[in-house]
Amino acid sequence: MPKKQNETEGKMQLTVDYAFKRVFGKNGNESILKDLLESILNIEIKSITIQNPEIPKNMKDGKIGILDVRAELNGDEVEMQVQDQHNIDKRSPTYLTKIYSDQLKEGEQYIEVKKVVVINILNFDYYKRNSYHSVARMMFEESKENEKVDLGYIVEDKYATKDLEMHFIELPKFRKKDPDMSNKLEQWLCLICDEEDKIKMAESRNEEIEKAKKELEKLAMNPEDRELYELRLKAIRDEMNSSKGEMGSHHAIQKRIYQEGSAHSITDGRRQEARPAYPVLQNYDQPGNQIDTEQFNRVPGEYGNSSQHMKHRIG
């Protein structure tokens, strides 16, 4: 089987979450993480602490689990993940709100809750947006005319809260941009995407990128890290292939529903009007759309409970 582009022998890719965590989530590499986060968040970071530098002990089991980088910076909580799953519109808000709610212990005041930022680095296109970096916050919608009251506010509040923030960086869109390396984020993403022709230029403009590249090369030469990286890569591929198989079975189910529902159907010897396919199954193969199998299982009749909820996490 031919190797994919950039998948050369002995080389590690930062798009694999194990390598990403070992480079950016390791104690002693705070300056590397700080520079990357400053480029994404467009802020000056005065203090940073890596909160989860450890690697799970069950890595050799080949199980897919969470391999993220969590840090506290300027008093705020930040989580970074490299993702290969396509249900990110559900996953990211779930992580965000869980981190936010878990901060508050019994008896503590809400004023003590810190801002939480979740950064998702996606190795696929997901949102129909003309940008490789999208930022989501909890903003107010435009009020209806009949609900407006003239209270004299010249400038209205835009945000219900600024405590919750999500970033989505879609790497395939970045690659299509052909970046000119004019800013730090583009320089960092060239390293993450392994754009070999641009990495040297990025290194010459940013010494932290040079440090990160050397850290990645050192990681690739460590036998234990190499073994864990390969195990992680295999687990990710196995999980993705398994998911593709499940999606194929859903395709067959959907096709059968349409075929059997295209005319009148016969059930328990009685003639009934054909029932249309459950709408959640439509457009299952379009980019960014997923089958919600929990809803699918709630379809009444013979097709209910015909699938299992697909659930996996890489990163």
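## Sheet and helix packing in a predicted model

User: How many bridges join β3 to β4, and do they run parallel or antiparallel?
Analyst: Strand β3 (residues 76–83) and strand β4 (residues 116–122) run parallel and are joined by seven bridges. Strands are DSSP runs of E with at least two residues, helices are runs of H or I with at least four, and both are numbered from the N terminus. This is a predicted model, in which local features need pLDDT of at least 70, side-chain atom pairs count only at pLDDT 80 or more, and totals for chains, interfaces and linings use all residues. Residues are numbered from 1 along each chain as its sequence is written, and side-chain values use heavy atoms, with hydrogens and water left out.

User: What stands opposite Met80 in β4?
Analyst: Ile119 does.

User: What is the strand order of the open sheet?
Analyst: Its six strands follow the order β1-β2-β3-β4-β6-β5, with mixed pairing; two strands pair if DSSP finds at least two bridges between them.

User: Which strands stand at the edges?
Analyst: β1 (48–50) and β5 (133–139) each have a single partner strand, so one side of each lacks a neighbour in the sheet.

User: Changing topic, at what angle do the axes of α6 and α7 cross?
Analyst: The axes of helix α6 (residues 196–205) and helix α7 (residues 207–220) cross at roughly 125 degrees and come within 5 Å. Axes are lines fitted to C-alpha atoms, for helices over the stretch in contact, and angles run from 0 to 180 degrees between N-to-C directions.

User: Which residues of α6 and α7 make the contact?
Analyst: Ile199, Ala202, Glu203 and Arg205 of α6 meet Glu207, Ile209, Glu210 and Lys213 of α7, where contact means heavy atoms within 4.5 Å.
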